[in-house]
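Let us learn to read a protein model, one feature at a time. Look it over, then follow the questions.

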Amino acid sequence: MPDPSLSVPELWEQIIGFVPTSSKCADLKAVALVCRSFTPPAQRGIFHTVSFVTGNRWLNGRQHDELAESARRFADIVESSPHLLSYVYHLRLHNAGPGCYHALAAIPWSHLRQLYVQYPLPPKAKADLTRLIGLPSLRELDIRTWGDHPIDILSLCSTSIEKLSIAPEYQSHPPEAPPRPSLRPKILELKLNGTTPFIGYVTELFDLTSLKTLEWWGTPCPDLDRFFLEYGQTVETLNLSDLSTWAAWDDFSLSHFPSVTSIRTLSKITKRHNKILDTLPLDNHVLHLSFYAERRTLNEEIQDIARDLEEIVLTRLMAVRSVEFTTRSDEFASEAMRSLFPTQRSLVDRHRELFPRLWERKLLSVYVEDLKLE
């Protein structure tokens, strides 16, 4: 084998970039020891995402202490090797305690771009979280709560944030919103859980006039139609979930989204999908449709819905280039699914039967997760 240090370094960096980060980055740690020139690209992979996570929602003192100790050890590492901080782009905090937040807030982050936070947030940690979400390098914020209201925290976000995801897990009305900041973050991608009526606070705290991607989870809230009318004009990618679950979507109209080119739903196709697609104006610019497929959507009951959907696509979506159906890998591997579709080819053939004209025009694609079958 030739000496890696004498080879093209850019090529080796690309190759190392494909090494998986699973198994606690064991493979990348081994790569970092091969030679001196391999160390920086391997470290970039190792430190790209730093996580302090526990799956237990209700932490006890011992678990809090363990996460805090891990955070302090990480702080010591980057203090002794400060160049490593330039490799950290994504920080994940899941049910962390005040000690963990305090250790991380003291670190002089320089390149952190993504921050994921899941509550409950200990009251003592709120000031430290405020420091983190105010970092000027931050571009993406994903904040999820239960029991607590993130409104006061969100009002202190860095103005550089462009991607925002909020998923509060409460049903009560949030507290009074803080005053509108003089300079608001301009959000390009927004993901909201709509099960709570706090959308008005989001429009006060963030500039949504240039919104390009909108993802909505849960039932429509009372102000949703007005929100879509005001901020849907610039949206190009629209992701909607639970369309098959909530009857409140019956009055939803896609006419509020004149610029949309991609529509994706994670729910099984129903008559409601067809009704919603039929609200698109004839001069729409939709290029891509994506649906979630599962066992119940592929039985005989789906025939009429599939026929109507195919007709809408071919007569109303004149610019469409692809219609995708995706089955989750765990769903496809289930015993019930395998009894119907023992092979990937049988799954493709079933979609071909349901949408013969889409298939003939090469518009239909079938996936199992990220694997394209046809």
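**Reading the model**

Q: Where do the axes of helix α5 and helix α6 run relative to each other?
A: Two packed helices are described by the angle between their axes and the distance between the axes. Here the axes of α5 (residues 98–105) and α6 (residues 126–133) come within 9 Å and cross at roughly 35 degrees. Axes are lines fitted to C-alpha atoms, for helices over the stretch in contact, and angles run from 0 to 180 degrees between N-to-C directions. Helices (H or I, at least four residues) and strands (E, at least two) are DSSP runs, numbered from the N terminus.

Q: Which residues make the contact between α5 and α6?
A: Contact means heavy atoms within 4.5 Å. From α5 come Pro98, Tyr101, His102, Leu104 and Ala105, and from α6 come Asp128, Leu129, Arg131 and Leu132.

Q: What kind of model is this, and how are residues numbered?
A: This is a predicted model, where local features need pLDDT of at least 70, side-chain atom pairs count only at pLDDT 80 or more, and totals for chains, interfaces and linings use all residues. Residues are numbered from 1 along each chain as its sequence is written, and side-chain values use heavy atoms, with hydrogens and water left out.

Q: How many helices and strands does the protein have?
A: The count is 15 helices and 13 strands.

Q: Which residues touch the most other members of the largest nonpolar core?
A: In soluble globular proteins, nonpolar side chains tend to be buried together. A nonpolar core is a set of buried Ala, Val, Leu, Ile, Met, Phe, Trp, Tyr and Cys residues joined through side-chain atoms within 4.5 Å. Buried means under 20% relative accessible area, exposed over 50%, partly exposed in between (1.4 Å probe, protein chains only). The largest core has 95 residues, and Phe52, Phe74, Leu91, Leu104, Trp109 and Leu115 touch the most other members. Helix α11 (residues 303–316) gives the largest share of this core, 6 residues. A second, separate core has 7 residues, including Phe332 and Met337.

Q: What does leucine 104 contact beyond its neighbours within four places in sequence?
A: Its partners include Phe52, Ala71, Phe74 and Trp109.

Q: Is aspartate 250 buried, exposed or partly exposed?
A: Aspartate 250 counts as partly exposed because its relative accessibility is 30%. Aspartate 250 lies in the loop between β8 (237–240) and β9 (262–265). Leaving aside neighbours within four places in sequence, aspartate 250 contacts Arg272 and Lys275.
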